[in-house]
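Morning, everyone. Please have a look at it first.

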Amino acid sequence: MRKPFIAANWKMNKTLSETQEFISKFIPEVKDVSAVDIAIAPPFTSLALAAEQLKNTNVMVASQDVFYEEKGAYTGEVSPVMLVDTGCKYVIIGHSERRQYFNETDDIVNKKIRAAKKTGLGIIFCIGESLEEREAGKTFDILQREIEKGLEGIDPENMVIAYEPIWAIGTGKTASAEQAQEVHEYIRNKLNILYGKKSENLRIIYGGSVTPENIDLLMYCKDLDGALVGGASLKIESFTRIVKFRKVK
Ligand code: PGA
């Protein structure tokens, strides 16, 4: 049995005081949730504060990105060691917004995963196809390439795979449970080929317009082990309801 993993991706949202307010109200709401791994990925500026507030709670802190060098003349970048230093436990790598707006290639994603893993950080590795690619029937080709190149030479330990169809991110268009299940099953098979028995513990989570309204049905899918939540994670009430999902048929 894989324990569900539900993470908030705040993207470029929330100041320090907004982070503090959210977390102080969120902790009591979810303190009794033990059946789900919960993480929050605030912007870099809020990482240390969030980690301090979440110390000794059942909520982990994640970063939204990382650079692959250890230190040096890389203006604006943040290294894996720096993330660990803040108290961060996970890092999101390869988010489609990074690939799309910041030209992150599979090669860069692979380097980031390697570097982050060296420090023991858990990885939330994002993959997903665009609308154009889906309509051209290339969904599985894209996923295959992203998985094979992104994970080349990488040990799967402490890794979560996030399937995030780009057409569903921030658009209000969620993949249907059937569409999500079909892709998650494909990814699970792929991971099984790559990692054999070790792949059984890997969680494959879904992201793309997850809301309190659709989480229950999504979590019913056999191969769907959690969610990466953007917009709906910015409000305490909606993110709490997502974390406390109820499986329905
Ligand atoms: P969304 O974002 O929930 O706002 O669609 C998800 C993500 O990009 O991780």
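Which backbone oxygen does the side chain of R188 reach? The side chain of R188 reaches that of S199, at 3.1 Å. Before going on, note that this is a predicted model, in which local features need pLDDT of at least 70 and side-chain atom pairs count only at pLDDT 80 or more, while totals for chains, interfaces and linings use all residues. Residues are numbered from 1 along each chain as its sequence is written, and side-chain values use heavy atoms, with hydrogens and water left out.

Back to R188. The side chain of R188 also makes a polar contact with the side chain of D225, at 3.3 Å. A polar contact is a pair of N or O atoms within 3.5 Å; within protein, one must be able to donate a hydrogen and the other to accept it, and residues adjacent in sequence count only if both atoms are side-chain atoms. R188 sits in helix α8, residues 177-195. Helices (H or I, at least four residues) and strands (E, at least two) are DSSP runs, numbered from the N terminus.

Is R188 buried or exposed? R188 counts as buried, because its relative accessibility is 11%. Buried means under 20% relative accessible area, exposed over 50%, and partly exposed in between, with a 1.4 Å probe and protein chains only. Leaving aside neighbours within four places in sequence, R188 is in contact (heavy atoms within 4.5 Å) with several residues, including R2, E200, L202 and D223.

Next, the ligand. There are 13 residues around the ligand, and K11, H95, E164, G170 and S209 come nearest. Near here means that a heavy atom of the residue lies within 4 Å of the molecule or strand. An N or O atom in the side chain of E164 is 2.7 Å from an oxygen atom of the ligand. A polar backbone atom of S209 is also 2.7 Å from a ligand oxygen, and for a polar backbone atom of G231 the value is 2.8 Å. Taken alone, the ligand exposes 280 Å², and the protein buries 95% of that. Those areas come from the Shrake-Rupley method with a 1.4 Å probe; for residues, only the protein chains shown count as cover.

Two of these residues have a backbone angle to note. K11, in the loop between β1 (5-9) and α1 (16-30), has a phi near 50°, a positive value in a residue other than glycine. S209 has a positive phi of about 55° and is not a glycine either. S209 lies in the loop between β7 (203-207) and α9 (215-220). Why is K11 called partly exposed? Because its relative accessible area is 22%. S209, at 16% relative accessibility, counts as buried.

A175 and S209 are 34 residues apart in sequence, and their C-alpha atoms are 8.4 Å apart in space. A175 is in the loop between β6 (159-163) and α8, and counts as buried at 5% relative accessibility.

Last, the cores. A nonpolar core is a set of buried Ala, Val, Leu, Ile, Met, Phe, Trp, Tyr and Cys residues joined through side-chain atoms within 4.5 Å. The largest has 64 residues, of which I187 and F239 touch the most other members. Helix α8 gives the most to this core, with seven residues. A second, separate core has 13 residues, among them F5 and Y90.
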